[in-house]
Amino acid sequence: PPRSTLFPYTTLFRSTYSIIGGGYNNTIQSNANYSVINGGYQNTIQTNAYDSSIGGGKLNTIQANAYNSFIGGGLQNVIQSNAFGSVISGGAVNTVQTNADYSFIGGGEYNTIQSNTIYSVISGGFTNAIQRNGKFSVISGGERNTIQTNSTECVISGGTSNTIQLNGNDSTIAGGFKNTIQSANAYSTIGGGQINVIANNSTNATISGGFFNSVNVNANNSTIGGGNNNSNAAPASTIGGGAFNTISLLSGGGTIPGGANNFIDSISSYATIGGGQINSIRSGSSNSVIAGGFNNTILFVSTNATIGGGSGNVIQNGTPFATIPGGQQAQATNYAQLAYSSGQFSDAGDSQYSLYVLRGLTTNSTVNQPLYLDGNSLEIKLPSNRSVAYTVSIVARTSFGTHLTSVFLIRGVATGLGSGGIPSATTFATDPALNEIAVPIPTITATPGFLHVNVTGLGSNGSPIPIRWTATVQTTELAF
């Protein structure tokens, strides 16, 4: 074969078709055929690293069996053994380790692609590392960024001290400072900002930016859009931004678009706080909503409840379907109650208006059958320290013939101690063409802790007459 080219102060061992173009103390070892060192100082292509090149620079090495590899120049760059097809374009003290085939370091200093990390890229920067088995991963630049062991197809675009931890797949940190995607996360993203964390096993999670935001353990498919000090621990939940907002464990599907110091407690799935400040939905209150405002609260096990806004409004424990449209310092204590207040004397709800809807079905003439808020068992609770002026509208309608109808309007007063005056009642038909049902006038009574709406139907067990009843109760309430 043709002789290889040899310049002074260089060494060439039995490597056919190889060239050392110049420089000092450059070496191509045996069987590194078809290899080239263009110049520089103390550069080495080791045994069996055939078809490899070093463009120049100083103390650069392509180790044994790293064939088809290239170092463009720079200082103390190393492509280790068996990392065939790899490239270091330049820079200083950059390393492609053993078996990291077809990997690339564009430049910078102290960057490392570790062993078995095939087809990976560090474009530049300082002290960036793709650790073992981080296949198909990329660090575009920045400094002290790390993709840890077994994290494949991951990307850190830049920034400083960002980390994708062990066993992460297809995750991305776009930039920023000290952002972390923890272990066993797939398809998760941090867009930027600083000191944001997606915790273990939270696949498909996203933090778009901001600082000190966290998606907690097992919060799959969750999102924090930005802001600061927001915490999301529930699957498929979203915090849009703001500050110090929290969605807790087992509240999947929850949403806080913004605001500050808003809180969705545990086991309140699909709950929403639209914004505002210091609003909270407590445990067991799934599907509940606080649209905004300040210091509004839906307490424990109050599902499907709503506060429209305002300030200092409270839906008490175990009050599902209750509504406070706004205002301030209203309190709902009954199933499906609508409460409204413009302020308080000393406690929420001590000066307010409420509206209730009750219903029931009678099939016989049993006297004083109660109508219920839920149609089954719940009557209006009336606290012992409360007096109410009430207006009750009642409609009765039969299920047969011309659907005979009667309507009653009853007004009165009651207290939570069970006392009250004699109510006044008016009976009238809704349409002159309809015959009125010949049912007794309903009664409104108070016993300690409750306000009762009672009706008497028609028929007997042998000849039932189904009658549906609906009542609305409006109360002006005062507590002292």
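Biologist: What relative accessible area does Q42 have?
Modeller: Before I answer, this is a predicted model: local features need pLDDT of at least 70, side-chain atom pairs count only at pLDDT 80 or more, and totals for chains, interfaces and linings use all residues. Residues are numbered from 1 along each chain as its sequence is written, and side-chain values use heavy atoms, with hydrogens and water left out. Now for the scale: buried is under 20% relative accessible area, exposed is over 50%, and partly exposed is in between, using a 1.4 Å probe and protein chains only. Q42 counts as partly exposed, because its relative accessible area is 29%.

Biologist: What is the phi of Q42?
Modeller: Q42 sits in the loop between β4 (36-37) and β5 (44-45); strands here are DSSP runs of E with at least two residues, numbered from the N terminus. Q42 is not a glycine, and yet its phi is positive, at about 50°.

Biologist: Which loop holds D170?
Modeller: D170 also has a positive phi, near 55°, without being a glycine. D170 is partly exposed, because its relative accessibility is 26%. You'll find D170 in the loop between β19 (163-164) and β20 (172-173).

Biologist: What is the angle between the ring planes of Y119 and F136?
Modeller: Rings of Phe, Tyr and Trp (its six-membered ring) pair if their centres lie within 6.5 Å, and planes under 30 degrees apart are stacked, over 60 edge-to-face, and the rest tilted. The structure holds 10 such aromatic pairs. Y119 and F136 make a stacked one, with 5.3 Å from centre to centre and a plane angle of 5°.

Biologist: How many residues apart in sequence are the parts that this pair ties together?
Modeller: Y119 is in the loop between β13 (112-113) and β14 (121-122), and F136 is in the loop between β15 (129-130) and β16 (138-139).

Biologist: What is the volume of the largest cavity?
Modeller: A cavity is a set of points on a 1 Å grid, over the protein atoms alone, where a 1.4 Å probe fits but cannot get out. Points are joined across faces, edges and corners, and the volume is the space filled by probe spheres set on them. The count comes to one cavity of 30 Å³ or more. The largest cavity has a volume of about 90 Å³.

Biologist: Which lining residues lie nearest the centre of the largest cavity?
Modeller: Lining residues have an atom within 4 Å of a point, and the largest cavity has 15 of them. β41 (351-362), β43 (380-381), β44 (386-398) and β51 (467-479) each give two or more residues to this lining. Nearest the centre are N334, Y356, K381, R386 and E477.

Biologist: Which residue of β51 stands opposite L361?
Modeller: Two strands pair if DSSP finds at least two bridges between them. β41 and β51 clear that, pairing in the antiparallel sense over 12 bridges. L361 belongs to the uncovered face of β41, and opposite L361 in β51 stands R468.

Biologist: What is the phi of G449?
Modeller: Strand β47 (residues 443-447) joins strand β48 (residues 450-455) by five bridges, running antiparallel. T447 has F450 as its bridge partner in β48. β47 and β48 form a hairpin with two residues between them, and G449 in the turn has a positive phi of about 90°.

How values were computed:
1 Å grid on protein atoms, 1.4 Å probe; cavity = no way out; pocket = protein on both sides within 12 Å on 5 of 7 lines; lining within 4 Å. Helix = DSSP H or I, 4+ residues; strand = E, 2+ residues; numbered from the N terminus.
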